[in-house]
Every structure is written in C-alpha cells, then in structure tokens.
Amino acid sequence: MTSGTWSPQPALPTQAPSAEPAIEVTGLTKVYGAPDASSGWRKWFGAKRPGPVGANAVAKKAAADDVSFTVEQGEFFVIMGLSGSGKSTVLRMLNRLVEPTAGRLVIDGRDVAAMNPDDLRGLRNRKINMVFQHFALFPHFTVRENAAYALQVRQVPVAERHERADWALETVGLGDWGDSLPGELSGGMRQRVGLARALASDADILLMDEPFSALDPLIRRDMQDLLMTLQRDLKRTVVFVTHDLNEAMRMGDRIMIMRDGRVVQLGTAQEILKTPADEYVSEFIADVDRTRVLTAGDIMQEPVAGSVGDDHQRVRDDAALSDIFSLAGRSSVPLAVTGPGGQLLGVIPQATLLAALATPVREKPGREQPLREKPVREKPVREKPVRENGKEAHA
Ligand SMILES: Nc1ncnc2c1ncn2[C@@H]1O[C@H](COP(=O)(O)OP(=O)(O)O)[C@@H](O)[C@H]1O
Ligand SMILES: [Mg+2]
C-alpha cells in the first residue's frame, strides 16, 4: 500500500490566479414542474423569470425565486433558512442536479447553461463535489474505497486513487482505518469518511447540504472545526447549507438567509447581527449567542486622545466578546482595543459591552403592517436523493 504522502493540493490547475469569483448566480429561479424546467438548458439559458405558463402553472410557487449572489474563490459561503425555504434547490442548481427554470449561472467565468454534456460531466466530476447529510457510504467497500469513490467514477488508476484516499483519510484523522468497513466505524467517523471523499476528489468547490445536521452536538462541533481548518488550509470554496443560524455564524465568511425561495439578507455574521434586514431576521437572530460572533473590533468606539492609560486592560480587536467579559468585569475603566501591532484602535466602555448583547430590533412601521409569523425551529429531515430528469443525487 502507499505511504500516504499525497500532499495537499490547494490550487487546481484550472484555478485562475485572478480574482474571478468562483460562482456567480443572477436571478436564478426554480419552479418545480414548470414546462421549461424539464426541457433542457436551452430554455433557461438567458431566460427571464417565467410568467405563468398554462393553467397549471398559475398556482405554482417558485422554490427559488430570483436568487442572486457571488461566491469568491476560497470563500466559506453559507445558505441558511428554515425547512422549505429553497436552500437545497439553490444548492442543487449550482451543479444542475436541479435544472434552473430561469437565470444565469457562471462558474469560474464559464456559463454553465451553455455547457455541453461533456463539459457538464467534467464540472460535476472534477470541479464541484456535492456532499449530502447522509454521506451514503457503500457498506461493502472499505473505508479507503469509499474515500476514493469520486476518483473511481473518474476512472483514476487504482494506485493513484488509493494514494489520494489515504492522504484524505490521514487529513481527517482516519489514517489507520483505510482497510476497515464503514460498519466498524462510529457515526462521527463515517461522517469523516464522507469528508475525506470530498477532499480526495480534489474538487475546488464543495457543495454541502446540511452535512452535520444529523450529528450530536459534540461530534458536530468537531466536524465544524475540522471542515473550517481544511477549508482554510486547502483553500477550497465551500457552499454550505444549514438551517442552524449558530452553525451558519460560526462557519460562514458570509451568510445568505432565505425565506420562501427568496434572499432576505446576505452579509457577514457581524453585519447580520448588527443590522438585520427586517423583522424576520431580527427574530431569527434573537437566539444567536452574540458574544461568540461579535468581536471587540465590532463594537469599539473611537478613543478620545490621551484618555487611555496604563490602568486600561488591553484586548485584541479580533477577540470574541465572550472572551473579554471577565476582563471588563475586573476594571471600572473602558477596555482598550488594540490591533496586531499593539496599536490602540478603540475603547469599549462597560455600557457598550452590555448594549452589544441586546438584539437590535427594527422599528415596526405602522399597525397596518401585517405581522410575520415567528420562525419555528426546524426538525432534522431525512434527506432523500432527488431525482430529476433521471439524474440521481450521489455524494
Ligand atoms: N423535487 C421537487 N419537486 C417539487 N417540489 C419540490 C421538490 N424539491 C423541493 N420542492 C419544494 O420546493 C421548496 C423548497 O424546497 P427545498 O429547496 O428542499 O428547501 P430546503 O432545502 O430549504 O428545505 C419546498 O416547498 C419544497 O416542497
Ligand atoms: Mg434541504
């Protein structure tokens, strides 16, 4: 067997050094069962959002409605929303597992709608890897063979694919388990095999649909940490779907919040916490542990010249609020916030720290404004492979 010396491959040959976005989505719309959804890409190429088509179509609601966003190379982009808000639909349109009804999709500068079947196969097999909540490991394959599955599909020679699988297994901490069968592993370990499969595939875009939702909290946190480390070190672009806002805020560089197929807000965790787009988002973020998301730099105020002396406790601008409470409690003067070089950036009076804990509530307009329903916590739903046009979703 191989020595597992496969080195991490941060950049793919196809990855341009330019700052070209990894994914650009404009007006992407999906109406399930709409006549032009199942009749091939030529129909939606450059199409505008469709009007009602035929008597049946009038009542059909868009599962994804005029969705636009851009994902930068190497970004960790999260799509967040309640069950049924259209997250999976948007994710699956990114590799055309679900055919868009309208809109435009550009990956690495290439219009995906205009791709011929060969190009599309290349995109699905090499460029993008999709990871599902249930990784669908093959019980009769060894862990190594499971990790190498995407490469097997691509007909990579066996020695090479096992070498890469071993590297990936090593990377996720399962270096000794290559010869085992999935049944011999715990649930958390099986999830790592799924992650190893995605890494071994070498795809530079990972699409992940609630991959950790079925895990219990401790394993889940481990997996989140592992994924964040891998993503940073290996410079993959990740589009990650979750219904858990805490998970979204913990992991995402930016978060796109969806409701009823539409984007209600897109921004960093800090932006969303500080300026929720509407009452719906406000209610959503009420449950978030703000002290772990907001940093000293997010809430600091301008220092008054000469006002900060040696008696001020100093904290770094990137320190989470949860880490500075005890310091603040020990002193009656404001905390001094410093940058990487130790330079003074701002101050945090105790009152500012307390105020940062409150959820900003948008002004309620008038009484005539209809009240929105309160978001309800989603129960994990078992994911079934989607069949569309005879294509089956496989991890
Ligand atoms: N294959 C399908 N056929 C018809 N409707 C679908 C299909 N998949 C999803 N939907 C509907 O589209 C909407 C969005 O679903 P989905 O994208 O799965 O949301 P989420 O992933 O946020 O739970 C829901 O109303 C759902 O019932
Ligand atoms: Mg879903």
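Which residues does Lys 87 touch, not counting residues up to four places away in sequence?

## Lys 87 and its surroundings

In this predicted model, Lys 87 touches Ile 79, Gly 81, Val 241 and Met 258, when residues up to four places away in sequence are not counted. Lys 87 belongs to helix α3. A residue is classed as buried if 20 or more other C-beta atoms lie within 10 Å of its own; Lys 87 has 25 such atoms and is therefore buried.

Arg 259 stands 172 residues from Lys 87 along the chain, yet the C-alpha atoms of the two are separated by 9.0 Å.

## The shell around ligand 1

Ligand 1 is surrounded by 11 residues, of which the closest are Tyr 32, Ala 63, Lys 87, Ser 88 and Thr 89. Helix α3, spanning residues 87-93, supplies the largest share of this shell, namely 3 residues. Lys 87, already described as buried, is thus named both in helix α3 and among the closest residues to the ligand.

Sorted by class, the shell comprises 7 polar, 3 nonpolar and 1 charged residues.

## A sheet of three strands

The model contains an open sheet of 3 strands, arranged in the order β11-β12-β13 with mixed pairing. Its edge strands are β11 (314-316) and β13 (344-348), each of which pairs on one side only. On average, neighbouring strands of the sheet are turned by 35° against each other, direction ignored.

Strand β12, residues 335-338, runs antiparallel to β13, and 4 bridges join the two. Within this part of the structure, Val 337 stands opposite Gly 346 of β13.

## Two residues with positive phi

Most residues other than glycine have a negative phi. Asp 108 has a positive value, with phi near 50°. Its place is in the loop between β4 (102-107) and β5 (110-111). Asp 108 counts as buried because it has 21 C-beta neighbours inside 10 Å.

Gln 155 likewise has a positive phi, near 60°. This residue is found in the loop between α6 (149-153) and α7 (158-171). Is Gln 155 buried or exposed? A residue with 12 or fewer other C-beta atoms within 10 Å is classed as exposed; Gln 155 has 9 and is therefore exposed.

Terms used
Residues numbered from 1 in each chain as written. Chains lettered and ligands numbered in written order. Predicted model: local features only at pLDDT ≥ 70, side-chain atom pairs only at ≥ 80, totals over all residues. Near = placed C-beta within 6 Å. Nonpolar A, V, L, I, M, F, W, Y, C, P; charged D, E, K, R; others polar. Pairing = 2+ DSSP bridges. Axes fitted to C-alpha atoms, helices over the stretch in contact; angles between N-to-C directions. Contact = placed C-beta atoms within 7 Å.
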